[in-house]
Amino acid sequence: VTPPGGRGTLMRARAHERPVLCGPMVRDQHDNAIKVVRSGLGLKVSPKSSPAKIRRAVQRLLTEKAFRKQCVRMGKMIRRDKEQEVALQELEHLAGLGDPVSRAKTVV
């Protein structure tokens with residue numbers, strides 16, 4: 001459960017292959033919650049939802065296999081992207097380009 005549904009918390013949940021229950025309140029949280037629902041990674045409830053409604057949503061997240069399946073898929077994608085980023089950094093280092101931070105400093 002990740003109320004209210006900020007980007008950092010959602011990314012951590014995705015990286016750990018966990019479905020989320022969003023209770024958006026401000027800023028980008030509403031858009032984040034919509035994306036979570038559309039992508040099959042979790043559910044959205046109102047911050048004013050009753051305990052019974054929240055309980056039902058959590059039970060769905062824990063029992064419906066589609067959420068878990070989609071979260072595992074997303075976790076694999078995140079890890080693959082991270083591995084590719086590390087590989088790119090290593091190739092840049094081997095090519096003598098250094099790290100991106102050093103390159104940015106020399107350009108300025």
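C22 is a buried residue, with a relative accessibility of 0%. C71 is likewise counted as buried, at a relative accessibility of 3%. These values, like those that follow, come from a predicted model. A search of the whole structure finds 0 disulfides.

C71 also belongs to the lining of the largest cavity, together with R14, R18, V20, V36 and L41. The structure holds 1 cavity of 30 Å³ or more, and the space in the largest cavity comes to about 40 Å³. Its lining residues divide into 4 nonpolar and 2 charged, with no polar residue.

L41, one of these lining residues, is also in contact with Q70. Q70 is located in helix α4, which covers residues 65-94. Leaving aside neighbours within four places in sequence, Q70 is in contact with S39 and G40 as well as L41. The relative accessible area of Q70 is 18%, and Q70 is therefore classed as buried, since that class takes in values under 20%.

The charged side chains present a further topic. Side chains of opposite charge can pair when their charged atoms come close. In this model the count comes to 1 salt bridge. The side chains of R60 and E64 form this pair, with a distance of 2.7 Å from N to O. R60 has a relative accessibility of 38% and is therefore partly exposed. E64 is also partly exposed, at a relative accessible area of 32%.

The accessibility values of the residues discussed are set out below.

| Residue | Relative accessibility | Class |
|---|---|---|
| C22 | 0% | buried |
| C71 | 3% | buried |
| Q70 | 18% | buried |
| E64 | 32% | partly exposed |
| R60 | 38% | partly exposed |

The protein as a whole may now be described. It has 5 helices and 2 strands, and along the sequence these elements follow the pattern α-β-α-β-α-α-α. The protein has 108 residues, of which 27% count as buried; C22, C71 and Q70 are buried residues. Among the contacts in the protein with a separation of 6 or more, 43% are accounted for by residues 24 or more positions apart.

Note on methods: Residues numbered from 1 in each chain as written. Predicted model: local features only at pLDDT ≥ 70, side-chain atom pairs only at ≥ 80, totals over all residues. Heavy atoms only, no water. 1 Å grid on protein atoms, 1.4 Å probe; cavity = no way out; pocket = protein on both sides within 12 Å on 5 of 7 lines; lining within 4 Å. Points joined across faces, edges and corners; volume = space filled by probe spheres on them. Nonpolar A, V, L, I, M, F, W, Y, C, P; charged D, E, K, R; others polar. Salt bridge = Lys/Arg side-chain N within 4 Å of Asp/Glu carboxyl O. Buried < 20%, exposed > 50% of the residue type's maximum accessible area, 1.4 Å probe, protein only. Disulfide = S-S within 2.5 Å. Helix = DSSP H or I, 4+ residues; strand = E, 2+ residues; numbered from the N terminus. Contact = heavy atoms within 4.5 Å.
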